Amino acid sequence: MITMRSASERGNANLGWLDSRHSFSFGDYYDPEHMGFGPLRVINEDRVRPGAGFSSHGHQDMEIISYVLEGALEHKDSIGNGSVIRPNDVQIMSAGTGIRHSEFNHSKTESVHLLQIWILPDQLGIPPRYDQKTFPASEKYGRLRLIGSPNGRGDSIVINQEVEIYDALLDASATVSHSLAPGRKSWVQVVRGAVDVNGRVANAGDGVAVEDENNLTVTSRQNGSEILLFDLP
């Protein structure tokens, strides 16, 4: 079964310095039909103005992943980490028992465009943890590159949940396939461009929920398409 989540139907919060599109209920946006998909709880597409950002605030018991598409995001947290996240970087913050952090546009002249992804952990009350890794475009070109997993295999980031995340960069007509184990489902987020997901057309910002399917085939409709594929319990 394929269910589309159109980019145009997402929730929106425009605070002037921040323009955020919500695939699932978040903040003041509430839609009981879109509360998440399995343990995937948040996919926000954020654009932050130069020099602006989120001042220090707290999280608990959530796996928070940031993926920068354009620009640079500056991160600081209460467990001593400070970093700048750029395109092809993947950052994870396991909030666990509690962590405070701030995120700001690192540039005073250019906007930053990113995806923020929240995943419900399979254990509560774990120690907070931070990690950041770079996955060069060459590793994602024409193939599904594992960037997140429960065990960190393939040098992916470790997620405290039985979730795998893949990234692919695709030129026109390029195809990638992924098999789903019995009982598993998938969410495909179109980051850029346009693709067919098991024959259904999806454009940038669209999400595709896949259930009760054994195989997933994604074909790019144009050069420069990018997807994130979530394999979920």
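Q: Let's start at asparagine 14. Which residue does it stand opposite in strand 3?
A: Asparagine 14 stands opposite aspartate 19. Keep in mind that this is a predicted model.

Q: How many bridges join strand 2 to strand 3?
A: Four bridges join them, and the two strands run antiparallel.

Q: What is the strand order in the open sheet of seven strands?
A: The order is 2-3-4-11-6-9-12, with antiparallel pairing.

Q: Which strands stand at the edges there?
A: Strand 2 (11-14) and strand 12 (129-134) do. Each has a single partner strand, so one side of each is left without a neighbour in the sheet.

Q: And what does the twist average from one strand to the next?
A: The twist averages 15°.

Q: Now strand 11. Is it mostly covered or mostly open?
A: Mostly covered. Strand 11 spans residues 112-119, and eight of its eight residues are buried.

Q: Which residues sit on which side?
A: Val112, Leu114, Gln116 and Trp118 are on one side. His113, Leu115, Ile117 and Ile119 are on the other. Both faces are covered.

Q: Why two sets like that?
A: In a regular strand the side chains alternate between the two faces of the sheet.

Q: How does strand 4 pair with strand 11?
A: Strand 4 (residues 40-48) pairs with strand 11 in the antiparallel sense, over eight bridges. Within strand 11, leucine 114 stands opposite aspartate 46.

Q: And strand 6 with strand 11?
A: Strand 6 (residues 63-70) is also antiparallel to strand 11, over seven bridges. Serine 66 has glutamine 116 of strand 11 as its bridge partner.

Q: Switching topic. Where does glutamine 91 lie?
A: Glutamine 91 lies in strand 9 (residues 89-94).

Q: Is glutamine 91 buried or exposed?
A: Buried. Its relative accessibility is 1%, and the cut-off for buried is under 20%.

Q: What does its side chain join up with?
A: The side chain of histidine 75, through a polar contact of 3.1 Å.

Q: What else is glutamine 91 in contact with?
A: Leaving aside neighbours within four places in sequence, its contacts include Ile64, Ile65, Ser66, Ile85, Glu103 and Tyr130.

Q: What about the sheet of four strands? What's its order?
A: That open sheet runs 5-10-7-8, with antiparallel pairing. Strand 5 (53-59) and strand 8 (82-85) stand at the edges, each with a single partner strand, so one side of each has no neighbour in the sheet. Neighbouring strands are turned by 20° against each other on average, direction ignored.

Q: How many bridges pair strand 7 with strand 10?
A: Five. Strand 7 (residues 73-77) and strand 10 (residues 99-105) pair in the antiparallel sense. There, glutamate 74 stands opposite phenylalanine 104 in strand 10.

Q: Last topic. How many aromatic pairs does the structure hold?
A: Three. In one of them, the rings of phenylalanine 37 and tryptophan 187 have their centres 5.6 Å apart.

Q: Why is that pair called tilted?
A: The planes are at 55°, so the pair counts as tilted. Stacked needs under 30 degrees, and edge-to-face over 60.

Q: Where do the two residues sit?
A: Phenylalanine 37 is in the loop between strand 3 (18-22) and strand 4. Tryptophan 187 is in strand 17 (residues 185-192), 150 residues apart from phenylalanine 37.

Q: Which residues form the aromatic cluster?
A: Phe24, Phe37 and Trp187.

Q: And what lies over the face of phenylalanine 37?
A: Lysine 185, at 4.8 Å from the ring centre.

Technical notes: Residues numbered from 1 in each chain as written. Predicted model: local features only at pLDDT ≥ 70, side-chain atom pairs only at ≥ 80, totals over all residues. Heavy atoms only, no water. Buried < 20%, exposed > 50% of the residue type's maximum accessible area, 1.4 Å probe, protein only. Pairing = 2+ DSSP bridges. Axes fitted to C-alpha atoms, helices over the stretch in contact; angles between N-to-C directions. Polar contact = N/O pair within 3.5 Å; in protein donor to acceptor, adjacent residues only side chain to side chain. Contact = heavy atoms within 4.5 Å. Phe/Tyr/Trp six-rings, centres within 6.5 Å; stacked < 30°, edge-to-face > 60°. Lys NZ or Arg CZ within 6 Å of the ring centre and 35° of its normal.
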